[in-house]
Amino acid sequence: MDDTVHNQAERETIVNPFKIYKPLLRATMRLAGLRPQKIEFQVLALAGDYAVYVPDLLFFGGSSTCDSGRTVGFQAECLARGLAKLGVQQCTVVGFSYDAMVAFRLAELQPELVKSVVATCSGPVVTESLSRECLERLGFPTLSEFLLPDSASALKKLLEIGSFHFPRLPKCVFKHAQERAELLEALVIPDNSLSRSTLRFDESSPSKVHLVMGENDRIFPAEVAKSVKENLGDSATLVCIEKAGHMVALERPFVYNKCLKKILASIYKAGHTK
């Protein structure tokens, strides 16, 4: 299969909400007399039509490394090596938030590998000015304090900010907190270090970009998404999903899946293998 779809959405997020849901799901299934089986969000909706790969990004699941690399580029290089071992020659990379930045970096490093990037609630990079504006707007001193809650109240505040309407959830214990803090520190780049290749995928680029966002996203607001689309060029597309915040795929999964399927169908038209 020459064309495959790589979906890294939702499983490896900064907050990783699925770790919050695990004990609730297990308890519910036990009460119903069911035996729990492991499935991945979004995968079942796509696996019938596409070859789906869900990587475990470093420090966002069970993967870790002794290497001191904490940059988005390092994550992208590891991902590229993994796809190469699987024999993937070309793919569409679907990423949410931090994952989408890894997807953009992978497309920059290996444009012939990445057919398209579908970025949810994210752009190619986070600059110092964007980070500063976001933190000032939300009332946090650093990205680590915002995205790595260390208490139930901090988690509740994060979920309230990150969603349009989200139910109350119990306290969650996060692994690799220090490493994730280092990843966040390496995520922000100086404004004067931006390059044209990082921000623009024009008509001549082999990689195309599709942006998906929640209309009520307070972390990656609509005006920022529209600005990113303009910088990416005319070949980029932007879809806004109503009544959804930053965690759009969790809040409106059916709408998001429908949107994602439509985008993928436009990428893999008749005559292409999937």
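A: A salt bridge here is a side-chain nitrogen of Lys or Arg within 4 Å of a carboxyl oxygen of Asp or Glu. This is a predicted model, in which local features need pLDDT of at least 70, side-chain atom pairs count only at pLDDT 80 or more, and totals for chains, interfaces and linings use all residues. Residues are numbered from 1 along each chain as its sequence is written, and side-chain values use heavy atoms, with hydrogens and water left out.

Q: How many salt bridges does the structure hold?

A: The structure holds one salt bridge. Arg105 and Glu108 form this contact through their side chains, at 3.2 Å from N to O.

Q: Where do Arg105 and Glu108 lie?

A: Both are in helix H4 (residues 98–109), three residues apart, about one turn of the helix. Helices (H or I, at least four residues) and strands (E, at least two) are DSSP runs, numbered from the N terminus.

Q: Now Ile241: is it buried or exposed?

A: Ile241 is buried, with a relative accessible area of 4%; buried means under 20%, exposed over 50% and partly exposed in between (1.4 Å probe, protein chains only). Ile241 belongs to strand E8 (residues 237–241).

Q: In which sense do E7 and E8 pair?

A: Strand E7 (residues 208–214) pairs with E8 in the parallel sense over five bridges; pairing requires that DSSP find at least two bridges between two strands. Gly214 stands opposite Ile241.
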